[in-house]
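My notes follow in the order I took them.

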Amino acid sequence: MLLFKPEHVEPIITGNKTQTRRIWKKQRAKVGSVHLAKTKMLSTEYFAKLKILDVKQERLGDITEADAQAEGGYTVDTFRDVWTLINGSCELDTMVYVVTFERVEDA
């Protein structure tokens, strides 16, 4: 399962958001696995199934313009603003997991 803010539902469904950055103590997603995308932790409802295409670690400050676009159509500056709203601050040296995914249909 991967949790997302409600404002990220539409960009994921339309394919405009294909990447997410997470502050995890250890990697929680493996390439090839499929995760349910939800907006509420304990809910059984999900809005998409996401196949993990790549997982890597990098500094938060290393995000490129292409990565910011993959995060939902942002510029780097706008991504940093959104990150701050969600996480409280945007420390550029923070190590994050970068998860690249694609939406898959129900089998």
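I began with the largest pocket and asked which element gives the most to its lining. H3 does, with five residues. I took helices (H or I, at least four residues) and strands (E, at least two) as DSSP runs, numbered from the N terminus. This is a predicted model: local features need pLDDT of at least 70, side-chain atom pairs count only at pLDDT 80 or more, and totals for chains, interfaces and linings use all residues. Residues are numbered from 1 along each chain as its sequence is written, and side-chain values use heavy atoms, with hydrogens and water left out.

I noted a volume of about 560 Å³ for the largest pocket. Of its 25 lining residues, Leu-3, Thr-20, Arg-21, Arg-22 and Ile-86 are the closest to the centre. A pocket here is an open set of points on a 1 Å grid over the protein atoms alone, where a 1.4 Å probe fits, with protein on both sides within 12 Å along at least five of seven lines; lining residues have an atom within 4 Å of a point. Strand S1 (2–3), strand S2 (19–22) and H3 each supply at least two lining residues.

Next I checked Glu-71. I found Glu-71 in the loop between helix H2 (65–70) and helix H3 (76–87). Glu-71 counts as buried because its relative accessibility is 4%, and buried means under 20% relative accessible area, exposed over 50%, partly exposed in between (1.4 Å probe, protein chains only). Its side chain makes a polar contact with the side chain of Lys-17 at 2.7 Å. A polar contact is a pair of N or O atoms within 3.5 Å; within protein, one must be able to donate a hydrogen and the other to accept it, and residues adjacent in sequence count only if both atoms are side-chain atoms.

Of its 15 residues, Phe-4, Ile-12, Phe-47, Leu-50 and Ile-52 touch the most other members. Helix H1 (9–13), strand S4 (48–59) and strand S5 (95–104) each supply at least two. S4 gives the largest share, four residues. I also logged a second, separate core of ten residues, including Tyr-74, Val-76, Phe-79 and Val-82.

Last, I looked at Gly-15, in the loop between H1 and S2. Gly-15 is partly exposed, at 43% relative accessible area. Gly-15 and Arg-103 are 88 residues apart in sequence and 7.2 Å apart in space, C-alpha to C-alpha.

Technical notes. A nonpolar core is a set of buried Ala, Val, Leu, Ile, Met, Phe, Trp, Tyr and Cys residues joined through side-chain atoms within 4.5 Å. Grid points are joined across faces, edges and corners, and a volume is the space filled by probe spheres set on the points.
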